[in-house]
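Thanks for making the time this morning.

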Amino acid sequence: MTESNSATDSNRSCGCKLGRISNEYGLSGLDDELVALWTGEADEQYSTRKLATYVNELVLEAAFEEAGVTAKEGEVENTYRLLTDDDVTSGTQVQTRNELERDGVPVEQVESDFISHQTVYNHLTKCLEASLETPSDEERLERSREKLGSLQNRTAAVTADTVAHLERNDIVDIGEYNVSVGITVTCEDCFEEFTVRELLENRSCSCGGIDT
């Protein structure tokens, strides 16, 4: 199923961002853990996107500890969601950042230290020389989510810029507004409708029935 040529040394020194972050935040043993989770040598297999979230939550947790903040169960994960999730309003994100700053957490630095799934992939394949024989189904789904999410975000951004331009030139008149982009996928056989996210999560309609 998988193979790995990674060094057995935990957190082997490298010059990439993930290696630097791992050292700065004292995330000992992270390299071995990342390889095991990515290749399926652990109890479960993570996509690079899920690994990026995992690492970023570790970074946030370490920043909490450095600031002397005692996080309740689930607080780190929820705070990370509030800082990064596209569904969270900008007002909520600003409030979250302000609260972290008041608690002594250097949120601007922490956010700049967050890594992307591509950084994880590069670290695994180039620094640690780990590899997969073929992408897992989860990897393919994550890449599809990434691609479609980027397209939706770009469409929303272009629409918002266009409306703002028209408003500045007194061509349209609108109060405060938000732009959202929704794509619906409809099965022509059973007429069941999904958002793209729902389809990728369910992976079948009522008449589909693929094994998951």
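Let me start with Arg49, which is partly exposed, with a relative accessible area of 28%, and please keep in mind throughout that what you see is a predicted model. The partner to look at is Glu146, which forms a salt bridge with Arg49, the closest N and O atoms being 1.8 Å apart. Glu146 is likewise assigned as partly exposed, its relative accessible area coming to 30%.

A second salt bridge gives us something to set beside that one, and it joins Glu24 to Arg20, with 3.2 Å between the closest N and O atoms. These two residues sit four residues apart in helix α1, which covers residues 17–24, so they are separated by about one helical turn. Arg20 itself is partly exposed, at a relative accessible area of 35%.

Which residues are linked with Arg49 in a network of salt bridges? The network comprises Arg49, Glu138, Glu142, Arg145 and Glu146. Within it, Arg145 forms a salt bridge with Glu138, and there the closest N and O atoms are 3.7 Å apart. Arg145 counts as partly exposed at 27% relative accessibility, and Glu138 is also partly exposed, with a relative accessible area of 33%.

Glu142 is found in helix α8, which runs over residues 137–168, and its side chain makes a polar contact of 3.1 Å with the side chain of Arg145. If we leave aside residues up to four places away in sequence, Glu142 touches Ser47 and Arg49. For the structure as a whole, the count is nine salt bridges.

That brings me to the domains, where the domain assignment gives domain 1 as residues 17–128 and domain 2 as residues 137–206. Their C-alpha centres lie 26 Å apart, and the contact between them takes eight residues from domain 1 and six residues from domain 2. How much area is buried between domain 1 and domain 2? The figure is about 560 Å², with carbon and sulfur atoms giving 33% of that area. Between domain 1 and domain 2 there are three salt bridges, and there are also three residue pairs in polar contact, counting those with both residues at pLDDT 80 or more. On the side of domain 1 that touches domain 2, the residues divide into two nonpolar, three polar and three charged.

Now I would like to turn to helix α2. Eight of the 10 residues of α2 are buried, so this helix is largely enclosed by the rest of the structure. The buried residues include Leu34, Val35, Leu37 and Trp38, and Asp31 and Thr39 are also among them.

Thr39 is buried, with a relative accessible area of 0%, and its side chain reaches the backbone oxygen of Val35 at 2.8 Å. A further polar contact, at 3.5 Å, joins the side chains of Thr39 and Glu41. Following α2 comes Gly40, whose phi is positive, near 85°.

Let me finish with the overall fold. The secondary structure comes to nine helices and four strands, and from the N terminus on the elements run β-α-α-α-α-α-α-α-β-α-β-β-α. The C-alpha trace spans about 60 × 50 × 30 Å along its principal axes, and buried residues make up 30% of the 212 residues. Finally, of the contacts with a separation of 6 or more, residues 24 or more positions apart account for 56%.

Notes:
Residues are numbered from 1 along each chain as its sequence is written. This is a predicted model: local features need pLDDT of at least 70, side-chain atom pairs count only at pLDDT 80 or more; totals for chains, interfaces and linings use all residues. Side-chain values use heavy atoms; hydrogens and water are left out. Domain bounds come from an automatic or database domain assignment. Contact means heavy atoms within 4.5 Å. Buried area is the accessible area (1.4 Å probe) that two parts lose on being put together, summed over both. A salt bridge is a side-chain nitrogen of Lys or Arg within 4 Å of a carboxyl oxygen of Asp or Glu. A polar contact is a pair of N or O atoms within 3.5 Å; within protein, one must be able to donate a hydrogen and the other to accept it, and residues adjacent in sequence count only if both atoms are side-chain atoms. Ala, Val, Leu, Ile, Met, Phe, Trp, Tyr, Cys and Pro count as nonpolar, Asp, Glu, Lys and Arg as charged, and the others, Gly among them, as polar. Buried means under 20% relative accessible area, exposed over 50%, partly exposed in between (1.4 Å probe, protein chains only).
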